[in-house]
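Please look over the structure below before reading on. The notes that follow are grouped by topic.

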Amino acid sequence: MWVVCLFIPHLPVRVEWQRDPTLVNAPVIIGGRRWDQGAVLDCCPQAITAGVEPGMRISQAEALCPAARFLPADEEAYNALHRRLIEGARRFTPTVENDELGLVYADISGLKRRFDHNADAARRMIKEIVNDAALDVQIGIASGKFVAHQAARAAKPGEACVVSIGEEKAFLSSLDISTLPLDPEMERRLHLLGVRTLGAFAKLPRLAVLRQFGSSAGIPYDLACGTDDQPLQADAPPLRLTQSHSFVDPVSHRRPLLAHVNRMANDLAKEIVRRGYQAEGLLLEIEGIQSDKGIVARQGTGHVAEHFSCAVGKPVKPPSSSADRLSRLGARMLGSLTIGGPVNKLSLILYPLQSFHLGAAQLTLFDSTALSPLASRATFGHTLRETLRRLRDRFGELSILIASLVVAPAPRPILVTTDCRGIPRSIVWHERIREVQSIHEHWRERRLWWRRPIKRDYFRLEIEGRSRQTPGQMKVVFHDVQADRWYMERRHI
Amino acid sequence: MVHGTPAYLNRRSSGGTEYAELHAHSTHSLLDGTSSPEALAVRAADLKIPALALTDRDALYGAVRFTKAAQEAGIKPILGSEMTLRGSQGEEDAHLTLLVETAEGYANLCRLITLARRHQDKGIARLDKRDLAAHAGGLIALSGCRQGEIPRLLTNKKREHALGVAQGYARVFGPHRFFIELQRHYVRGDSRLLARLTTLADRVGLDVVATGNVHYLHPRQRQVHDVLRCIHHQTILEDAEKLLCPNNEYTLRSPGEMAHLFSDIPIALENTLRVAERCAPAYDYLPAGMQTLPQGPLDGDYGANDDRFDQAHHKLRWLCERALHRRYPVNPPQTLLDRELSVIQGMGLANYFLIVWDIVHVAQRAGIRCQGRGSAANSLVAYLLDISPIDPVACDLVFERFLSPERGSPPDIDIDIAADRREEVIQYVYERYGREHAAMACTFVTFRARSAVRDVARVLGFPPALAERLAKSLDIHDARSVRESRGMLEAFDAQQLAGKPFQNLLRLVPQLDGIPRHLGIHNGGMVLSGAPLCEVVPLEPATMEGRVVTQWDKDSLESAGIVKIDLLGLRMLSTIEDAVTIVEGQTEQRPDLASLSQDDPEVYDMLCRGRTIGVFQVESRAQATLIPRFQPRSFDDLVIQISLIRPGPLQAQMVRPYLRRREGRELVSYPHPRLEDALQETLGVIIFQEQVLKVARDLAGFTPGEAELLRRALSHKRAGRKIASFRERFLDGARELGVETETARQVFEQLQAFGGYSFPKSHAAAFAVLTYQSAWLRRYHPLAFFAALLRHQPMGFYPAHVVVSEARRCGVEVRPVDVETSDLRATVEDQALRLGLAVVNGLGETGGQSVVEARSFGPFRSLVDFCRRTKLGRKAIEPLIWAGAFDTWGVPRRQLLWELKMALEAAQGPPELPIPTSEGHPRFAFLSPRGRLWTEVAHTGMSAREHLTSLVSEKLRAMHVTPSGELPGLGDGRRVQVGGMIVSRQRPPTAKGVAFLALEDEDGLINIVVRPKVYEESREALHSPFVIVRGQLQRRSKAISVLAQEIIALRVDGSPS
């Protein structure tokens, strides 16, 4: 195998630098603005020196590197550039592995026929990709992914580093042991033993290493020796499954079409269950003969028949393999289509398919005792907090942030007239001034002083009805003390 | 209903609004209050609140301070506590506010708090309702805050249950002593809860009372309160939403504000006054004099009658008379003894002396070295009872410095006990008098700069590493001045510090200064009581097993007139005992240190040469600089030498005049001829505390008791008014004795500068005994002395590696740690010192002990054998290997490290399993000498064979530094370049910014003086372990130092390879 590694270190930072060259001299942290709740997506080497790490809370990063420029992540732009990197690689070979942002591997074993020497291949590739991306890509070419990645790291921006077959071990020997995927304990012990480089590690007998550190040490040991057999996991087009039915006699009524859609959905569901997939989307395609009167028109009226086709797609959320769900969705899609005439072909397509286990992780969130009826609310709360902490530890801050995307409706600004003590007397609601009939409760919230202070005076009050006949309405309004503005609270309080 | 018509209710009808606050937390609610008891009292007085109840959570920690402050502020102090009641099955614990109505109530509250704390972890209290019912007498109860049982039930809409609970409390306390507590803090749901509470009160027939549940004085202190809550719950602000109050309304409100808040329920406010009137003021029932002590030992024939008071006095007299003739065969000071005994009898302290005598004698009989220190050594009675080793007659000490009727506070006898055996003595006291009658005084561990920065940074969400970096960068101790810390300003640039989290941190940290964080145990203060102690002051278990502490610290105990006995641990006593035992083991003769003549010239010669490392009290850098000039030649000289380096003599600028007069470069003179008698022994300058008393007596005609009061006033920072009145008295007295006012004024100013921050002569003399004994051991038995010294590290001024280097310089062979021969602590082995396993970092005492125990069955045969027999894990064995403890096996350290994995696995299996061979193993080479030194230092902090400066010796040679051994041969003012390891850094506040370093090279120590400018320029270098100093040699008599002009950091290159 002959692998090329295309590497743009700190791709998001590079994109931002390219957009605004004044950022080059300042530490840059990407992921959110100062005081945002999110996590750091990427940061420049200057920020890394200050202790900032990707995945860290923005507030922590702010504390570590207050002088940094904090930028919200433009993931679309980063992904676009990354996709260009992939597309560039695909021009040479279909076997492309998509790793993290700014890191792509491609199997170029077949390129020897096109280029005399690998360095030529590299140069050409650089020319094309760099011109395309307008960025300095570092390229490494070697017989395996690990060596190619290390070669890319060693290469200068816009240049290639080629490691010939047989020279892997020598190339790697001077690299620090931390470049290997080692668990921290193994790395610590290797340091104690004075093994600081890949070369020193590779000199140890393999069996002794396995015995000393366990069988999992075999992979890093082989990598240190330059042996890397792991194949490229090439990106494949998304899986899709199609079932079609052609009618000998075009069908003009919806009922038989519906029956066919149901049957096809059932068949498809059975098939994906058998294969262990779930569908993320459903597509219904219909082909038929155009008729002026639509589906009720009959053939044989002497008109020249024109063909039509129409399609409708819907996402399946959450992904499913349930026959019932797919049938119901299919029926709804059929109902939503305006069909131009008798139908002679019906196709139902499930796309893209994903394995059951993809995107899912099994965690023991609660032990059974914590959920027992005897467990107090405090215990439950503690367990929940602990679980969230573990989720954060394992999947990073973003796993929790996703949950927080479901937000309550924002408060609505309103106009309020108050008395001299600041107590509301009337409010403007639905473009009408409503008198406050009574105040049922008054409370104050002074929270989050360490981040963005919230200073609100709440009133639960009753306002007069739309007319004299209609009863009064209970509302919760609050006065934002800092901004000196009034809002209608729309959350349920 | 509450009966009676209080007078102030009539006043109220004239139009004014009155309100008494019955629910307030101070900083002594430990991490749940931000205002000191004093601040609360003062603020209440400002707001014209006539009475204030301090209701700290499950505690009376601040009761004495609060009572005193409230009395001074002119408000009525009421004591109480917010008790935590144990929740019934599945329910959370609930709060209940208890207020002391009578003296019986106070005793019951103390007992209830003690019961709530019993068998709980530190900081936790849970009171059983059964206990509450059994000790409810004399207490008034309020239903509590939102965490109270009744409010919580009502919030959860369990009205009938709440009704039953309220009726239950009414039965326990009586309907007139249980009130429904109403609070309004603008919290959502307040109105609904208040309506339910008032309805419930009506249904049960209870009165309502309004309270403020005060946690801080000003809304802005809410932030500090939030931070404290997070520290308490070990969480960060971001995660603490439910733990924090929703707003900043928990302040102490004025009566007007409360009247506005409770305008719909005015009776709730009126009832606060009724309750306040019923509660007795705290000073009526708090202890205000010496507690009834348990009976001391009264056995023996001493001809006493039946009265126990007389019995104790007779026994004391009998013991003293018996010892008087033994101690003074010629001219016994009978008059002095009679005077002391009469004062002791007059103050009812005979039993107290007997108790202390009993403790000292039990310890001495058990072979535990102990001796009295401090002012007790002024007493002849203490000397005769063997409590103090100092003869007050020979040393011309003043009894009134220890005890006088005028002083009005109880005496304080401090006993130093060999540190390693102190616990035996403490447990003896517990057993002798019972755990109900004995407890140790507590201390409040308050926030200082570093602890505050660590905690606040964590709470604000700083990453742990950054919080630690921040804390370590601080070069100040006072949290209030955190913004001025130069170390922090240098470690973090201005832009970083301008960030919001840093600004929050810098704003909050100073506000935490002095707030108690948690409870600790006082060094040794034990309180004894004849009556159960838990009725005088609440008790709680300490973290240390078998210890119980009072809820009052030493200041509160002293203010309440409660006498304590300080049983202090002193490592030097353990060191001396160990050294004597080692000498006995070597020579079969036990040196009798008590009978040493204290005038051995060899010992003084050694001290005069500045060879003082390890010698008690004179090893510090300042003392080591002073001693070659001072040239002590007698025990009295040692007493003065010890007393010179104290803030008092230094601030009053008495050290240099004394040295000049001693060296004969200045004539001895006295401010007034009347002072010749008082100051003759110290050549006309004031050095001892007793001299303050003598000066006041001789120059201004003070009585001994008055003079002692003056000294105490001078030693208090905030006693300006008291000092002013003493000054008048002093000047008047001097005038009456014919002393010129100007002279009297100058002398008083000198006394004021002296301040009292000095040793009493008695104390210095007691310490000088140990100084001489340790110096004698060092001079004649260095091997035993240094071995004993290393056994009790950390101790003294220098780190252990300096002690090891000094031992080597004294010709002692030091051997490294060895698993085959090392004991847990340092031992003597064939006229050499063997380092103990305890010096190995990460091994721990248990680990070291298991090695010693395993070895008792024979030497270790292999690493597998070692692992199997010691049952130690990788974390303990790795540092042992690196420390060179297996070097005698002749196997490279890394080889052993490689084989450790297999050895640990093999040790898990049965013994008959074949020992894995090293076939197929990689071969590791021996470490280079430098690598060996490096790893030894990294894992033990010292090296047995080489000095740590060997790590930079090449650089030192290359830069042509002068070794410390060659400095005595160089002339004053010569430019020199010295280098080595910094072993101490000091910047005393009295030195006006000048810093003093002790630099050590292979030959010895070098004193470096760093002026402020150089200090500022070299801040970074000063944090480096190794430095080169360029400067000027200074000679003062035989004392040598280098005045630094430039300090350069030396980096240690590389790592073991």
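Contact here means heavy atoms within 4.5 Å. With neighbours within four places in sequence left aside, B:Ser984 is in contact with B:Phe797, B:Phe996, B:Leu997 and B:Ala998. The model is predicted, so that local features need pLDDT of at least 70 and side-chain atom pairs count only at pLDDT 80 or more, while totals for chains, interfaces and linings use all residues; side-chain values use heavy atoms, with hydrogens and water left out. Residues are numbered from 1 along each chain as its sequence is written, and chains are lettered from A and ligands numbered from 1 in the order in which they are written.

**Chain A as a whole**

- Chain A comes to 15 helices and 18 strands, where helices (H or I, at least four residues) and strands (E, at least two) are DSSP runs numbered from the N terminus.
- Of the 493 residues in chain A, 45% are buried; buried means under 20% relative accessible area, exposed means over 50%, and partly exposed lies in between, with a 1.4 Å probe and protein chains only.
- Among the contacts in chain A between residues at least 6 apart in sequence, 59% join residues at least 24 apart.
- The accessible surface of chain A comes to about 26,700 Å², and 52% of this surface belongs to carbon and sulfur atoms; the areas come from the Shrake-Rupley method with a 1.4 Å probe, and for residues only the protein chains shown count as cover.

**Strand pairing in chain A**

- Two strands pair if DSSP finds at least two bridges between them, and strand E13 (residues 412-418) of chain A is joined to strand E18 (residues 485-488) of chain A by three bridges, the two strands running antiparallel.
- In E18(A), A:Trp486 is the bridge partner of A:Ile414, and A:Tyr487 is the bridge partner of A:Phe478.
- Strand E17 (residues 473-480) of chain A also pairs with E18(A) in the antiparallel sense, over four bridges.
- The hairpin of E17(A) and E18(A) has four residues between the strands, and A:Asp484 in this hairpin takes a positive phi near 55°.

**Nonpolar cores**

- A nonpolar core is a set of buried Ala, Val, Leu, Ile, Met, Phe, Trp, Tyr and Cys residues joined through side-chain atoms within 4.5 Å; the largest has 311 residues, of which A:Phe201, B:Ile150, B:Trp552, B:Phe730 and B:Leu880 touch the most other members.
- Helix H35 (residues 761-780) of chain B gives the most to this core, with 11 residues.
- Not counting residues up to four places away in sequence, the residues touched by B:Leu880 include B:Val819, B:Leu837, B:Phe866 and B:Phe886.
- A second, separate core of 80 residues includes A:Ala89, A:Ile141, B:Leu244 and B:Ile476.

- Helix H3 (residues 63-73) of chain B has B:Ala63, B:Val64, B:Phe66, B:Thr67, B:Ala69 and B:Ala70 as its buried residues, and what covers them includes helix H2 (37-46), strand E2 (51-57) and strand E3 (76-85) of chain B.
- Just after H3(B), B:Gly74 takes a positive phi of about 85°.
- The 12 residues of helix H38 (residues 844-855) of chain B should span 16 Å at 1.5 Å a residue, which agrees with the 17 Å between its end C-alpha atoms; the expected span is 1.5 Å times one less than the number of residues.
- The buried residues of H38(B) include B:Gly847, B:Val851 and B:Arg855, and their cover includes helix H39 (863-870) and helix H40 (874-882) of chain B.

**Backbone and cysteines**

- Most residues other than glycine have a negative phi, and most peptide bonds are trans.
- A:His10 has a positive phi near 50° and is partly exposed, with a relative accessible area of 28%, whereas B:Asn331, with a positive phi of about 50°, counts as exposed at 67% relative accessibility.
- The peptide bond from B:Gln793 to B:Pro794 is cis, with omega near 0°, and B:Pro794 is in the loop between helix H36 (782-791) and helix H37 (800-809) of chain B.
- The structure holds zero disulfides over all chains, a disulfide being a pair of cysteine sulfur atoms within 2.5 Å.
- B:Cys370 is buried at 11% relative accessibility, and its sulfur is 17 Å from the closest cysteine sulfur, in B:Cys320, which is too far for a bond.
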